[in-house]
Amino acid sequence: MTTTQQPIVAAQDGRATRPAAVPTGAPLAVRGVTVSYGEKPAVFSVDATFPAEAMSAIIGPNGAGKSTLLKAALGVIPRLSGEVYVFGQPVEKARERIAYVPQRASVDWDFPTTVMDVVQMGLYRKVGLLGRLSGQMAARARDCLDRVGMADFSHRQIGQLSGGQQQRVFLARALAQDADLYLLDEPFAGVDAATERAIIDVLKLLKAEGKAVVAVHHDLSTVSDYFDHVFLINVRRIAEGPVSDTFTTGNLQATYGGRLAATHLDELPVAGGV
Ligand SMILES: Nc1ncnc2c1ncn2[C@@H]1O[C@H](COP(=O)(O)OP(=O)(O)OP(=O)(O)O)[C@@H](O)[C@H]1O
Ligand SMILES: [Mg+2]
């Protein structure tokens, strides 16, 4: 794989370190990223590379910095150090190639707006292309709602939907963006089995279309079913790689420490089996 030479950046302790080289084609490459909201970093000196045409999971305990890493990957929060590359370009130059579905708890659902409005927000960046053809925009938004099974709800206020329905609408908004990299923060949290199936089907279709999907994921029992690649984090990077050799009991123990019962670990379909 071809790589580009990276600048030397200052680490937290002041030492100069050269982060791992950036694979030019990777949909998302994070290099030496540290983010801090206060004195203690939420994400510390993280390197991560997410592969093309794959579904990747970001896994770690509550407060591990998963949402923070996604926001840093989007380039929407300040980094203390480090760089983020999207398809080999600094994220600041490639934002239009990313679609983002936030963690549900972080959204103000009382905001008075309809389902259709929410999905059309995903199209604003394309207004230049579509001009003022609002009919065309509406048709595209309806098509995206249809893909997630929400076409009948287009005039409903977003606050008047169930949690799973809201999640589907946010996925429709991301689809409307027609991005190359999809970042989703816990897309399956609090949804029923049917909605989870609907969402995973849409994500697998995106992968089949050649897109990269990166999702924060909590349900360890479905990791091997849904994902090709995992990134394990607990403030620092613990491990990353194909599910088949990285999603191991040892790596999970290193990520969760004592917070994951050994009995639970025994029941998981981890790499290498138990
Ligand atoms: N806006 C903020 N201001 C201050 N501290 C924050 C802020 N957002 C997150 N944090 C802190 O940063 C750390 C990482 O938070 P983050 O939301 O990234 O964790 P997470 O891995 O996504 O957790 P969860 O599984 O609960 O969603 C936590 O200790 C959290 O309290
Ligand atoms: Mg989170």
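Predicted model: local features only at pLDDT ≥ 70, side-chain atom pairs only at ≥ 80, totals over all residues.
**Note on salt bridges and the magnesium site**

1. Residues are numbered from 1 along each chain, chains are lettered from A and ligands numbered from 1 as written, and side-chain values use heavy atoms without hydrogens or water.

2. D228 has a salt-bridge partner in K207 (Lys or Arg side-chain nitrogen within 4 Å of an Asp or Glu carboxyl oxygen); their closest N and O atoms are 3.1 Å apart. The pair links distant parts of the chain, 21 residues apart. K207 sits in helix α6, D228 in the loop between α7 (223-226) and β13 (229-234). K207 is also partly exposed, at 28%.

3. E209 pairs with R147 in a salt bridge, with 3.7 Å between the closest N and O atoms. E209 is in the loop between α6 (193-208) and β12 (212-216), and R147 is in helix α4 (residues 134-147), so this bridge ties together parts 62 residues apart in sequence. Both ends count as partly exposed: E209 at 47%, R147 at 33%.

4. E240 and R237 form a salt bridge at 2.7 Å between the closest N and O atoms. E240 is partly exposed at 22%. R237 is partly exposed as well, at 41%. Elsewhere, R79, E83 and E92 are joined into one network by salt bridges that share partners. The search of the whole structure finds 8 salt bridges.

5. Which residues coordinate the magnesium ion (ligand 2)? The donors (N, O and S atoms within 2.8 Å; 3.2 Å for Na, K and Ca) are S67 through OG and Q103 through OE1, at 2.0 to 2.2 Å. They are 36 residues apart: S67 lies in helix α1 (residues 66-74), Q103 in the loop between β10 and α2. S67 counts as buried, at 18% relative accessibility. Q103 counts as partly exposed, at 26%. Water is not among the atoms, so the site may look incomplete.

6. The chain has 10 helices and 14 strands, taken as DSSP runs (H or I, at least four residues; E, at least two). Of its 274 residues, 51% are buried. The loop between β10 (98-101) and α2 (115-121) also holds F111.

Conventions
Buried < 20%, exposed > 50% of the residue type's maximum accessible area, 1.4 Å probe, protein only.
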